[in-house]
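Good morning, and thank you for making time for this presentation. Please have the sequence and the model in view while I speak.

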Amino acid sequence: METEPALLSFAALSQSTRLETFRLLVGHEPEGLAAGEIADRLAVPANTLSAHLGILSRAGLVTATRHSRSIVYRADLSQLGDLVLFLVKDCCQGRSELCQPLVAELAPCCA
């Protein structure tokens, strides 16, 4: 991942409703959630949520698929992985033992 896409992702996640939305969608992979369900769970007006989902979508963090009359949103885990790797790729200047606590912390959630 290059710097500009990373900055776009960080900017999208730097607002509380968008961060909560993204985390909610990560927790509902691979099915995703309909926009109305997201709005209900986060107690956010639908039009406000729509704007937030648009920002997350433009940053490449979420995808949308129409199912009948609803739109189902999913977190793009590939983009999330790229963002995490962007942050830690040069972790500890090649001293992997210093990054081991981070890797150990992530391992249980990814097993």
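I begin with H52, which has its place in helix α4. This is a predicted model, in which local features need pLDDT of at least 70 and side-chain atom pairs count only at pLDDT 80 or more, whereas totals for chains, interfaces and linings use all residues. Residues are numbered from 1 along each chain as its sequence is written, and side-chain values use heavy atoms, with hydrogens and water left out.

Is H52 buried or exposed? H52 is buried, because its relative accessible area is 10%, and buried means under 20% with a 1.4 Å probe, counting protein chains only. Leaving aside residues up to four places away in sequence, H52 touches Q15, T17 and R18; contact here means heavy atoms within 4.5 Å.

Let me turn to the helix itself. Helices are DSSP runs of H or I with at least four residues, and strands are runs of E with at least two, numbered from the N terminus. Besides H52, the buried residues of α4 include L49, L53, G54 and L56. Which elements cover them? Among them are α1, α2, α3, β2 (62–67) and β3. Just after α4, G60 takes a positive phi of about 80 degrees.

Next, the core. A nonpolar core is a set of buried Ala, Val, Leu, Ile, Met, Phe, Trp, Tyr and Cys residues joined through side-chain atoms within 4.5 Å. The largest one here has 20 residues, of which L25, I38 and L61 touch the most other members. Two or more residues each come from α1 (3–13), α2 (16–26), α3 (35–42), α4 (46–58) and β3 (70–75). In soluble globular proteins, nonpolar side chains tend to be buried together. Not counting residues up to four places away in sequence, L61 touches S9, A12, L13, F22, L56, R74, A75, D76 and Q79.

Finally, the chain as a whole. The protein chain has six helices and three strands, arranged along the sequence as α-α-β-α-α-β-β-α-α. Its C-alpha trace spans about 50 × 30 × 20 Å along the principal axes. Of the 111 residues in the protein chain, 29% are buried. Among contacts with a separation of 6 or more, 57% join residues 24 or more positions apart.

How values were computed: Buried means under 20% relative accessible area, exposed over 50%, partly exposed in between (1.4 Å probe, protein chains only).
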